[in-house]
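Biologist: I would like a close look at one part of this model. Please take me through it step by step.

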Amino acid sequence: MEMINKQIEGATVLQLTGRFDAYAAPPVEEFFQKLNLDPASRVIINLSQVDFIDSTGLATLIIGMKRCRQQQVELVLCGIQQPVHIIFELTRLETVFTIVNTEEDAIAQMQMQQKG
Amino acid sequence: MQEKERANYPLAEEVKAHSYQISIQAAAWLATGYRAFGIWDKELIACWPASAWQEMSQMQDADLTLHAPIIVDEQVIGKVGVLNGSKIAGGDMRLDAEADLISQMLTMKAGFERPLIDLFAQARLKTELDMAARIQLQLLPQQFPQIQGLDIYAHCNPAEQVGGDFYDFSAYNDRSFAFAIGDISGKGLPAALFMAMARIVTHTAARSLPAIDPKAILLRVNEDLYEDFTEAGMFATIFVGCYNAPSAQISYANAGHSPVIYCPEGGPAVLLEADAPMLGVLPGIICTNHTLPFHINDVLVAGTDGLNESFNADGEMFGYERLLRAVERLAHLPSHQIGGELLKTIQQFARGYIQSDDQTFIILKRSTSS
């Protein structure tokens, strides 16, 4: 799996590509472990290029969400593709994460909140 | 000889400790008047001083001040050690003349000892993991409850690496019982430890709650395990069902678990989707009890994702669709045959491609009127 970490408009964006499984999880977990952000900033995980997620991938996102919450940082998932979305539905994790359609939506939403 | 050596050196920790001691201190030992030897594959391959070769090749274990057998897979395949010089008459202690032999021995040690000790440690770890996997399987109920009019089967087909699947039964009487199936995130020993914990917490909750209430069982398990799960960065998907013979109904609650397949007689088979996320994710969860009629020849297969997430060499996944169709095709069989044939179907699909996750299921079938 490929992983690109970038800063866009004050948000930390992690773009993942490929299968998000036990082999791909360690670098993502490391990314979350190293996160040290200002409260009220935002982490966006772009899953638009991820075609498969297993329980280890989900666990990694949950660990990330808990870690963000500790730092009062919001974690947003975007670009979830159909095969991955089915897993989020089946596990009801769609009710646990903030999920938006695109990376642009996630950034626009953050800017709205900052203005508000 | 082999038997004797095994009996003499059973302690892995001691072996390890001695071996390191030689590595660090071999030169000092030699300088202060000890004889040294190296044995490889039960043959003396080096000794110091060289003139003692004949005596050393006949030495007894009792003559050794320090000895370190190297054991891999319970077999002594080599030894290194230092011999007390005083026990051999006429020992010649010319250090300078024998320096090349010392160096030869240390080189030999460095060359073979470390990788072997690593190998040994790996072998030991693997043995421990295998043991954990065996204990884990023993933790799962091997006897199924006897419930009127119900044909019950459960099985766990473990992957090579120990995983976190579990199932459990709590029978209240011969007419009603609770069952649970769960999957702890991750693999290996952490998953196995949490699996043992989750099974016991689930079992206790099912037994101690005043009424048969799947939702209440899940809430209790989440309450009990949330902090430990958060600490360890883990979670569990759990499905809890209760069957009640007089009402011929199954009530259930599902915290993020799949696949659970309900196949009424004649089909079609459907997935019973979760309405709550997995346990360990949120401190308080909201889930609901659902009720299903369970008539004669109806089948329920509560499995783990190792079933639908089986892959073949082309990277193709077995998936929910094939699983649902397989359950429909097999639903006319008794529960243990449904289980056996289901695994066979998945194995045929995988065509020998490695099974990366545990495959576990509980199968209930209404056999006769209760």
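Predicted model: local features only at pLDDT ≥ 70, side-chain atom pairs only at ≥ 80, totals over all residues.

How many aromatic pairs does a search of the whole structure find over all chains?

Modeller: Searching the whole structure gives 14 aromatic pairs over all chains. One of them joins Tyr153(B) and Phe361(B). Tyr153(B) belongs to strand β5 of chain B, residues 150–157. Phe361(B) belongs to strand β14 of chain B, residues 359–366. The pair therefore ties together parts that lie 208 residues apart in sequence. Phe361(B) is buried, and its relative accessible area is 0%.

Now take Tyr167(B) and Phe169(B). Their ring centres are 5.9 Å apart and their planes stand at 55 degrees, so this pair is tilted. Tyr167(B) is buried, and Phe169(B) is buried too.

Next, a glycine of chain B. Gly186(B) sits in the loop between β7 (176–184) and α5 (188–208) of chain B. Gly186(B) is partly exposed, at a relative accessible area of 26%. Its C-alpha atom is 7.3 Å from that of Gly163(B), although 23 residues separate the two along the chain. Leaving aside residues up to four places away in sequence, Gly186(B) touches Ala191(B) and, in chain A, Thr56(A).

Helix α1 of chain A covers residues 25–34 and helix α2 of chain A covers residues 55–70. Their axes come within 9 Å and cross at roughly 0 degrees. α1(A) and α2(A) are therefore roughly parallel to each other. From α1(A), the contact uses Ala25(A), Val28(A), Glu29(A), Phe32(A) and Gln33(A). From α2(A), Thr56(A), Thr60(A), Ile63(A), Gly64(A) and Arg67(A) take part. By type, the residues of this contact are 4 nonpolar, 4 polar and 2 charged.

Last, the setting of those helices. Chain A has 4 helices and 5 strands. From the N terminus, their order is β-β-α-β-α-β-α-β-α. Chain A has 116 residues, and 53% of them count as buried. Among chain A contacts with a separation of 6 or more, 69% involve residues 24 or more positions apart. Chain A exposes about 5,500 Å², and carbon and sulfur atoms supply 48% of that area.

Technical notes. Residues numbered from 1 in each chain as written. Chains lettered and ligands numbered in written order. Heavy atoms only, no water. Axes fitted to C-alpha atoms, helices over the stretch in contact; angles between N-to-C directions. Helix = DSSP H or I, 4+ residues; strand = E, 2+ residues; numbered from the N terminus. Parallel < 35°, antiparallel > 145°, perpendicular 65-115°, else oblique. Contact = heavy atoms within 4.5 Å. Nonpolar A, V, L, I, M, F, W, Y, C, P; charged D, E, K, R; others polar. Buried < 20%, exposed > 50% of the residue type's maximum accessible area, 1.4 Å probe, protein only. Areas by Shrake-Rupley, 256 points an atom, 1.4 Å probe, with all protein chains shown as cover. Phe/Tyr/Trp six-rings, centres within 6.5 Å; stacked < 30°, edge-to-face > 60°.
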